[in-house]
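Here's a quick briefing to read with the structure open beside you. Take it one topic at a time and look for each piece as it comes up.

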2 protein chains.
Amino acid sequence: MNTPVTSPLHYALCFASMAALAIFAVPIASAQGTPGREVPARTLPVPTTVSPQMQKIIAAPINPNWKVWPKTPEEWKASVAKAAAAVEQRLPALREALKVSIEPMTIDGVKAFMLTPTVIPPQNRNRLLIHVHGGCYVNGPGESGTSEATMMAGFGGFKVLSVDYRMPPDHPFPAALDDAMTVWKAAQKMAPAKNMAILGSSAGGGLTLSMVLKAKMDKLPLPGAIAPGTPMSDLTGAGDSFQTNAMVDNVLIAYGVSCDVRAAMYANGRDLKDPLLSPVYGDMAGFPPTILNTGTRDLLLSNTVRVHRNLRRAGVIADLHVHEGQAHGGWYRDHTAPESKETFEEIARFFDRHLGK
Amino acid sequence: MNTPVTSPLHYALCFASMAALAIFAVPIASAQGTPGREVPARTLPVPTTVSPQMQKIIAAPINPNWKVWPKTPEEWKASVAKAAAAVEQRLPALREALKVSIEPMTIDGVKAFMLTPTVIPPQNRNRLLIHVHGGCYVNGPGESGTSEATMMAGFGGFKVLSVDYRMPPDHPFPAALDDAMTVWKAAQKMAPAKNMAILGSSAGGGLTLSMVLKAKMDKLPLPGAIAPGTPMSDLTGAGDSFQTNAMVDNVLIAYGVSCDVRAAMYANGRDLKDPLLSPVYGDMAGFPPTILNTGTRDLLLSNTVRVHRNLRRAGVIADLHVHEGQAHGGWYRDHTAPESKETFEEIARFFDRHLGK
């Protein structure tokens with residue numbers, strides 16, 4: 001495996017990208033030479049059409065520090081570690097509630113965690129899910145990247161192998177994809193490919209799609225199904241909901257903020273239209289059956305539905321689920337929300353329909 | 001059939017509703033007692049991620065007279081007739097382009113049009129689609145209600161029977177539903193129920209769902225599949241995209257404007273939560289396989305995905321398609337847009353998969 005070391009040039013490029021991405025000043029191309037639609041300032045009430053738990057998630061205020069970014073690799077690492085520690089504190093209770101155990105392991109040099117539910121129904125005993133976590137390609141190291149995998153294991157009754165891939169600032173593209181593919185190759189000895197699915201949300205949704213593109217390129221076996229959730233499928237800023245849901249999504253907030261700054265560190269100066277970075281531009285012919293999740297307030301609503309349409313145009317079985325009122329990844333924030341259970345059970349049913357046994 | 005005559009009380013109620021619905025001043029309940037999310041004024045560029053034809057549809061400015069409503073039944077009728085005449089002018093060219101013929105008929109006292117494509121593929125020869133047009137329960141009388149049915153016939157290769165149901169101001173609820181059910185009952189002599197689908201968008205999407213609820217109530221045969229497009233499934237104002245897509249959708253504009261004013265005339269003082277008016281509140285157990293369409297800018301995005309989730313919770317086969325950048329019903333505005341052909345072909349494939357032959 002290659003281990004790129006971050007150069008001063010890398011950082012110069014990164015911060016140049018960040019400067020260019022100042023939101024609302026982004027010179028997003030408008031088609032037809034029209035000035036676009038004026039939308040007045042508004043106050044959006046918290047919807048009454050979702051559960052109380054989901055109302056709380058939707059009502060959460062935007063992080064007041066959303067315009068403050070770390071300035072050096074050391075500051076990035078400290079910021080990532082702080083966020084990870086906060087998540088990790090909640091994981092033991094999550095595993096206990098969902099009756100899931102965790103086992104750290106190393107697979108051909110790549111760190112990973114196996115999440116195993118206490119009860120695995122008979123039809124899932126020869127099945128294995130590979131999980132790639134979210135976090136904008138920068139956050140979610142170690143155990144802190146396993147909460148979605150834990151919910152999938154617990155609500156779905158599957159063994160889930162969650163990849164703890166390397167990330168910037170030390171390891172930009174293609175380290176994450178390389179690590180995920182190393183695990184995918186090694187997993188061929190654990191279960192037949194058609195009995196396995198790949199899943200992940202946000203950056204993990206982008207990686208899920210990139211893994212299938214890479215497996216096609218390298219003529220590796222493809223999984224029996226995939227579940228990219230609210231995938232970062234287009235890092236270039238294209239996708240209408242980057243505009244329509246700006247400041248509406250309380251997680252990603254707007255294009256050019258936070259998540260895209262992190263993704264620029266991952267891309268490390270590479271063309272953002274490269275399908276392995278922005279898989280919406282990839283050839284999706286021959287993809288396995290795919291289930292996609294997003295929300296009506298999701299900044300990546302468009303880039304989820306664009307993937308769905310591309311899959312359908314390529315003749316792929318592809319199910320889309322759009323969740324009322326939810327911003328980016330609302331269904332894996334609180335396992336007690338009925339919408340969370342519902343979403344993971346929907347994914348589990350889809351996998352059950354399409355995976356080998 | 002009952003033929004309710006519009007009373008002065010009906011109009012008093014209508015205009016009281018309209019006054020209560022002044023947009024942005026609507027006291028929409030906010031959950032959790034929170035003040036909601038402040039979203040600053042913005043200019044939304046026309047997305048570059050859709051076809052040039054769709055860009056033109058999305059770029060169309062909001063009708064400058066969107067706050068001007070007719071004040072008397074006569075003014076309503078004149079307004080409806082004017083809009084209908086404009087649509088009808090374009091229909092001969094549409095039928096010619098899609099090679100579809102039209103035949104007016106009367107079925108058990110209800111006016112209808114049969115749309116027949118020149119070429120009907122063998123698998124569709126014993127199939128029939130029933131179409132209920134949109135127009136907020138007030139617009140789209142006579143031939144002017146047949147453009148969606150024409151596209152379905154032409155792109156899908158189906159015979160489509162489009163119901164020219166009675167409408168306000170002369171005929172409020174339940175006239176439209178009564179007429180549609182009269183045709184549904186009569187259609188049982190034309191084809192087996194499992195070989196038939198019901199489709200329609202906007203008010204027609206609401207009616208499609210209400211027809212299935214009514215058929216369940218009356219223990220009539222159910223169709224083999226349905227295709228409610230961007231359904232008016234909730235007239236009460238609930239549904240988060242009534243807020244998030246207000247002024248973003250250039251067709252429906254906002255809740256309480258235009259379409260809901262018309263729907264209030266249809267409801268005629270009846271409880272808006274009645275499932276036959278707001279089918280999202282109906283019991284969807286036992287519904288036939290359903291394909292739903294909406295767009296990311298659709299004011300009814302939420303009320304389409306809420307129906308999808310209710311169907312899935314009831315264990316119904318339900319496919320959701322959300323179209324990039326499109327406002328309300330973008331896929332049936334211009335038959336030359338590739339997104340139009342794609343959407344009707346997607347519906348046709350769904351019907352082919354689920355209808356008897």
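Two strands count as paired if DSSP finds at least two bridges between them. Keep that in mind for S7(B), where B:Met196 is the bridge partner of B:Leu128. One caution before going on: this is a predicted model.

**Strand S5 and its partners in chain B**

- Strand S5 (residues 128-132) of chain B pairs with strand S7 (residues 196-201) of chain B in the parallel sense, over four bridges.
- S5(B) is also joined by four bridges to strand S6 (residues 160-163) of chain B, and these two run parallel.
- On that S6(B) side, B:Ser162 is the bridge partner of B:His131.
- S5(B) is mostly covered, with five of its five residues buried.
- In a regular strand, side chains alternate between the two faces of the sheet.
- Here B:Leu128, B:Ile130 and B:Val132 sit on one side of S5(B), B:Leu129 and B:His131 sit on the other, and all are buried.

**A hairpin in chain B**

- Strand S3 (residues 100-107) of chain B and strand S4 (residues 110-117) of chain B pair in the antiparallel sense over eight bridges.
- If you want a spot to check, B:Ser101 stands opposite B:Thr116 in S4(B).
- S3(B) and S4(B) form a hairpin with two residues between them, and B:Asp108 in the turn has a positive phi of about 45 degrees.

**The sheet in chain A**

- Now hop over to chain A, where eight strands make an open sheet with mixed pairing, in the order S3-S4-S6-S5-S7-S8-S9-S10.
- Strand S3 (100-107) and strand S10 (318-323) of chain A are at the edges with a single partner strand each, so one side of each has no neighbour in the sheet.
- From one strand to the next, the twist averages 20 degrees.
- Inside this sheet, strand S5 (residues 128-132) and strand S6 (residues 160-163) of chain A pair in the parallel sense over four bridges.
- A:Ile130 stands opposite A:Leu161 in S6(A).

**Helices that pack together**

- Two packed helices are described by the angle between their axes and the distance between the axes.
- In chain A, the axes of helix H3 (residues 73-98) and helix H4 (residues 147-156) come within 10 Å and cross at roughly 5 degrees.
- Angles under 35 degrees count as roughly parallel, so H3(A) is roughly parallel to H4(A).
- Residues making this contact include A:Leu91, A:Leu94 and A:Leu98 of H3(A), and A:Met151 and A:Phe155 of H4(A).
- In chain B, helix H4 (residues 147-156) packs against helix H10 (residues 338-354) at an angle of about 75 degrees, with their axes 9 Å apart.

- Twelve of the 13 residues of H9(A) are buried, so the helix is largely enclosed by the rest of the structure.
- Just after H9(A), A:Gly315 takes a positive phi of about 80 degrees.
- A:Thr296 lies in the loop between strand S9 (290-295) and H9 of chain A.
- Is A:Thr296 buried or exposed? It has 30 C-beta neighbours inside 10 Å, so A:Thr296 counts as buried.
- The contacts of A:Thr296 reach both chains, including A:Leu301, A:Val322, B:Ser241 and B:Leu301.

- Chain B superposes on chain A by a rotation of 180 degrees with 0.0 Å of shift along its axis (RMSD 0.0 Å).
- That is the relation of a two-fold axis.
- Which residue of chain B comes closest to the rotation axis? The answer is B:Ala41, at 2.0 Å (C-alpha).
- Across the interface, 48 residues of chain B are in contact with 48 residues of chain A.
- Elements of chain B giving two or more residues to that side include strand S1 (37-39), helix H2 (52-59) and helix H7 (241-244).
- H9(B) gives the most, with six residues.
- The copies meet through the same surface, because 100% of the interface residues of chain B are also interface residues in chain A.

Notes:
Residues are numbered from 1 along each chain as its sequence is written. Chains are lettered from A and ligands numbered from 1 in the order in which they are written. This is a predicted model: local features need pLDDT of at least 70, side-chain atom pairs count only at pLDDT 80 or more; totals for chains, interfaces and linings use all residues. A residue is buried if 20 or more other C-beta atoms lie within 10 Å of its own, exposed if 12 or fewer, and partly exposed in between; C-beta atoms are placed from the backbone. Copies are superposed by least squares on the C-alpha atoms of residues with pLDDT of at least 70 in both. Two residues are in contact if their C-beta atoms, placed from the backbone, lie within 7 Å. Axes are lines fitted to C-alpha atoms, for helices over the stretch in contact, and angles run from 0 to 180 degrees between N-to-C directions. Angles under 35 degrees count as roughly parallel, over 145 as roughly antiparallel, 65 to 115 as roughly perpendicular and the rest as oblique. Lists of a residue's contacts leave out its neighbours within four places in sequence.
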